[in-house]
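Visitor: I would like to learn how to read a model like this one. Please take me through it feature by feature.

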Amino acid sequence: MNRSLQYLLFTLPKPQVQFLSLSQTLFGARGRSSSRVTEVLHDRVGVSSNRNLVNGFRTFCTGTDLSIKKCVPCNSKDLRPMTEEIANELIPKVAGWNLVNEDGTLKLQRSWKVKSFTKGLELFKLVGDVAEAEGHHPDLHLVGWNNVKIEICTHAAGGLTENDFILAAKINGLDLHPLLRKKATS
């Protein structure tokens, strides 16, 4: 890029952003804006962008906190599911999730009781936004009018990968309490 063009781009005034409703802020006037959803989710649950480039390469967090890691694309022919031993080492990092073996396929599973049918749909929307930002999509089940179950596995690998634990950790970071039924005290 030549210097005069660079100068012109950097000297243009920044647009002013007006106050918008929450839905317009998240989804724009005409539908969903994934970049805005990702930005809001990053502020609330640590969803990172898959567009962080360093020297032309995508970068991913290598720390031990799964909620700040980024799901990686599942399009590799070499993608293999993790062993049950490794899954058992990671399960303590995603409180509330269970490791299940369904017909030889390991999955993460978690259930909630919500206040109403519409609260279940709201929970799905929150989880769906995180899943979309990560590019990794769980199986969502609304059974009866208030029983929500989420199952996560990497279908392309035929079992669990680190992506599944990352998504579970990000779901754990959501504030779901306003949607959930209070447990009866005895």
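Guide: Some ground rules come first. This is a predicted model, so local features need pLDDT of at least 70, side-chain atom pairs count only at pLDDT 80 or more, and totals for chains, interfaces and linings use all residues. Residues are numbered from 1 along each chain as its sequence is written, and side-chain values use heavy atoms, with hydrogens and water left out.

Visitor: Why does K107 count as buried?

Guide: Buried means under 20% relative accessible area, exposed over 50%, and partly exposed in between (1.4 Å probe, protein chains only). K107 counts as buried because its relative accessibility is 10%. Of the protein's 186 residues, 33% count as buried.

Visitor: Where is K107, and which residues does K107 touch?

Guide: K107 is in strand β4, residues 105–113. Contact means heavy atoms within 4.5 Å. Leaving out residues up to four places away in sequence, K107 touches N98, L99, V100, E102, E151, I152, C153 and L160. E151 is 44 residues from K107 in sequence, yet their C-alpha atoms are 6.5 Å apart.

Visitor: What polar contact does the side chain of K107 make?

Guide: A polar contact is a pair of N or O atoms within 3.5 Å; within protein, one must be able to donate a hydrogen and the other to accept it, and residues adjacent in sequence count only if both atoms are side-chain atoms. The K107 side chain makes one with the side chain of E102, at 2.9 Å.

Visitor: Now T118. Where is T118 found?

Guide: T118 is in helix α5, residues 117–134. T118 is partly exposed, at 46% relative accessible area. Its side chain has a polar contact of 3.1 Å with that of S116.

Visitor: How do α5 and α6 cross?

Guide: Two packed helices are described by the angle between their axes and the distance between the axes. Axes are lines fitted to C-alpha atoms, for helices over the stretch in contact, with angles from 0 to 180 degrees between N-to-C directions. The axes of α5 and α6 (residues 162–172) come within 10 Å and cross at roughly 140°. That makes α5 oblique to α6; angles under 35 degrees count as roughly parallel, over 145 as roughly antiparallel, 65 to 115 as roughly perpendicular and the rest as oblique.

Visitor: Which residues make the contact?

Guide: V127, V130, A131 and E134 of α5 meet I166, L167, K170 and I171 of α6.

Conventions. Helices (H or I, at least four residues) and strands (E, at least two) are DSSP runs, numbered from the N terminus.
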